Amino acid sequence: MAISYNSVDIKGVVFEPIIEEILFENNTIKNSLVDFVEDVKAETIFTENINSVTQQPYTSGTPTSSGTFSLVDTVVTPVKVMYYHEFDTNTLRATRFKRDMKAGAWNTASTEFEKVVLGNYGTRIGLDAESKFWNSASSATKTAVAALTAGTTQSFVGAAEKTYVAAAPASEFDGVITRMIYNAGGVGARIKVAGTTITSSNIATEYQKVYAAIPAAVLNGVEAPFIYAPYSHKQLINSYNIAATYRDLFTVDIKGDTYFYNGIEIKFVPIAENTLVAAIWSHIKWCTDSMSDLNTMKIDKIAANQDKEFLKVVFSQYAHVVNQAFNVLYLG
């Protein structure tokens, strides 16, 4: 297919940079906001060790066994996904991109087009993969959750959870939020916090609900938890601080782009509005065969007897959440 391009005749000086769409970078990957687990092939087993200990008085006779050993296996198989697009560079012959094409009718390749336009296309793939990682739900999970009776079949799945999964973008696998909702029925169910519509007026109150639900063992552990929040909360927090008399709840360094609530760092990711997650970063796992796949884009001719080209990106992806008993999910 040809490239969709609304161009004009070059009659003067061409502004050099190509203005890209305003996009967030893939913060989850760039800033390592979750645990990236590579070399995860089909049916890889993640084992959680959930133990309890009981102190008892010493006896020189036969002791009584106490405490528990609990091992829970979860089988994870990353889903292989693909992005594919065909294009015809011959469309570019009469555009700004002709400037760096080599002379000759055979030559329609443009370095500027490959570096900038296709680079932006690759960025969009990374952003889409990030959104799927956090927000998506498979068709099988959508059907299963829709069939549940809220508060009866599984008490941790209420109306808000059913609404979220029903509205989640369709994908080949379940994103983090969906995994926390639907996979919370086994050992170590996640901590549920009922929410509402978050505004600049009530944002401190709603964050307090999440903060209060975080287990003390997590707050005082070796690894500090994060609060994962929608991008829009930056504006809400800034607006709240402007109106607040005391600004010790939300600590903000706008230049450094760091936000804290009661000492817990807030990480902004592409999750739905009125959704918050409080968890240690290593509890949330981005599973893939190889992270280098995300940075590999193949561009080549479709066939030797034609000049049309294709762009193809292939990688595997899966979201997994461990230690659910220590993770907080807020849904409004």
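Helices here are DSSP runs of H or I with at least four residues, strands are runs of E with at least two, and both are numbered from the N terminus. What I am showing is a predicted model, in which local features need pLDDT of at least 70 and side-chain atom pairs count only at pLDDT 80 or more, while totals for chains, interfaces and linings use all residues. Residues are numbered from 1 along each chain as its sequence is written, and side-chain values use heavy atoms, with hydrogens and water left out.

Let me begin with the salt bridges, meaning a side-chain nitrogen of Lys or Arg within 4 Å of a carboxyl oxygen of Asp or Glu. By this rule the count comes to seven. Within helix H2, which covers residues 111–135, aspartate 128 and lysine 132 lie four residues apart, about one turn of the helix, and their side chains meet in a salt bridge at 3.0 Å, N to O. Aspartate 128 counts as partly exposed because its relative accessibility is 27%, where buried means under 20% relative accessible area, exposed means over 50%, and partly exposed falls in between, with a 1.4 Å probe and protein chains only.

A second pair is lysine 285 with aspartate 35, whose closest N and O atoms are 2.7 Å apart. Lysine 285 lies in strand S13 (residues 284–287) and aspartate 35 in strand S1 (residues 35–37), so this pair ties together parts that are 250 residues apart in sequence. Both of these residues, lysine 285 and aspartate 35, are buried.

Glutamate 161 forms a salt bridge with lysine 192 at 3.7 Å between the closest N and O atoms, linking helix H4 (residues 159–167) to strand S7 (residues 191–194) across 31 residues. Glutamate 161 is buried, at 4% relative accessibility, whereas lysine 192 is partly exposed, at 37%. Together with Arg190, these two residues are linked in a network of salt bridges.

Turning to the nonpolar cores, each is a set of buried Ala, Val, Leu, Ile, Met, Phe, Trp, Tyr and Cys residues joined through side-chain atoms within 4.5 Å. The largest has 39 residues, and those with the most contacts inside it are Trp134, Tyr228 and Ile284. Apart from it lies another core, of 26 residues, among them Ile214 and Val218.

Finally, valine 145 is found in helix H3 (residues 139–146) and is buried, with a relative accessible area of 1%. Not counting residues up to four places away in sequence, valine 145 touches Val157, Lys162, Val165 and Tyr182, a contact being heavy atoms within 4.5 Å.
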